[in-house]
Amino acid sequence: MLTSAYRAQCEAEEERHTPECATRSTKLTLFALALGTFAIGTGEFGSNGIIQLFAADMSISIPQATYAVTAYAVGVMIGSPVITIAAARLNRKHLLLGLVVLFLLGNLMSALSTNVGMLIGARFITGTVQGAYFGAGAVVASYVYGPGKSGRAFATVMAGLTVATIFGSPLGTFVGQQAGWQALYGVVTGIGLLAGLAILSWVPTTSDLDGEPLSHELGALRRPMVWVIMVVAALGISSIFAVYTFIGPYITDAAMADDSLIPIALAVFGLGMAAGNQAGGRLADRYPHRGLVIGYSSVLLFLLVIVIAGGTVWVLMPALFGVGATMMLAIPTIQVLLTTYAPEAPTLMGALNLASLNLANALGAVGGSITLAVGLGTLSTAWAGVALTVAGLLVFAAVVPRMAPLRRGRS
């Protein structure tokens, strides 16, 4: 996310090799990588905004439609680490180009899906790209930017995801509403094609970006605290998706407002995420744990506001902003902790970061679907978020402060 989020990962890459100087081509390389993250984020978050559309088109329920969202998250969790490990020795530019091809295939299949089974398969294929792309992108960004600046470089790359939550997802949802849900995936395919051409043109072709021995990547998997942090992230961050996945029903079914407000609600949520990300990065720079504790604790208050009074649009909108902002306070801290334990495995750590967040995506969507299926009401999905975030906070409190070495003096 911000500089601190991938600092350990980027510093490890700086120690391997750094070009002599940064030039105008550096900015073009970072733009190419950010365009890819923008395409990925627009497809991922935009899917949440069109759930009602493809559910109606395929004559399935909202809980059934969330399987497509869950399939994407499972693709990230399973596919991205597998691809990263399998491609450990591959040049990072070549890996990025291969991932773009797979991304285009997945989105084309999504656009052409005629039933929910085909859509689920297509979203799974698309999801396998995300974590591996972010991990390889971190390595390339660290290489091109130069000593002491690689964290800032990766923040530029990650800006594509932030822009996707504010603009890409709402605009994609609007396109889907106007031209059919398939149009979203058509647009994302077009953006992905542009990103692939930009990577081909502007990411340097050099042996310095060749992969590392597989043993370097696999060594991280033997560290228990890597898995603990992933569990904390998967449980706690899931409350974002227990809300974000169901923003459409919140607007139309709970608040009884017009569906034209859905893109606006998505943008409000994205603005909250961007604001929280800024503050979370600063907290992660100064304190080992405080951003996570504050973020997890504060989001519970906004989730309760949604459950109690989210049926009113003017209450729901600020609460959506609050959920996005407070949870994003925690994410940079989570990523700092994770990369601290295994900085020597930069690409795999990038993939595992995204895998844990997409496990959160799956847990939030499934948890919300369960509350809907048992008839607790549209806003009850926020209760699923409360339960999951509390579980993450409890795991963190029980394990991390006692076992995690503190790299900075205050918590």
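Q: What makes the reach of helix α10 (residues 224-244) close to the one expected?
A: The expected span of a helix is 1.5 Å times one less than its number of residues. With 21 residues, α10 has an expected span of 30 Å, and its first and last C-alpha atoms lie 31 Å apart, which is close. This is a predicted model, in which local features need pLDDT of at least 70 and side-chain atom pairs pLDDT 80 or more, while totals for chains, interfaces and linings use all residues. Residues are numbered from 1 along each chain as its sequence is written, and side-chain values use heavy atoms, leaving out hydrogens and water.

Q: Where does α10 bend?
A: At S238, by about 35 degrees. That is the angle between axes fitted to the seven residues ending there and the seven starting there.

Q: Why is α10 called largely enclosed?
A: A residue counts as buried under 20% relative accessible area (exposed is over 50%, partly exposed in between, with a 1.4 Å probe and protein chains only). In α10, 18 of the 21 residues are buried, so the rest of the structure largely encloses this helix. Over the protein chain, buried residues make up 60% of the 411 residues.

Q: How do you know that the span of helix α8 (residues 181-202) agrees with its length in residues?
A: Its 22 residues should span 32 Å at 1.5 Å a residue, and its end C-alpha atoms are 32 Å apart, so the two agree. Buried residues of α8 include W181, Y185 and I199.

Q: What makes A382 a buried residue?
A: A382 has a relative accessible area of 0%, so it is buried. This residue sits in helix α16 (residues 381-403). Leaving aside residues up to four places away in sequence, A382 touches Y250, L303, I306 and V307, where contact means heavy atoms within 4.5 Å.

Q: How many helices and strands does the protein chain have?
A: There are 16 helices and zero strands. Both are DSSP runs numbered from the N terminus: helices are H or I with at least four residues, strands E with at least two.
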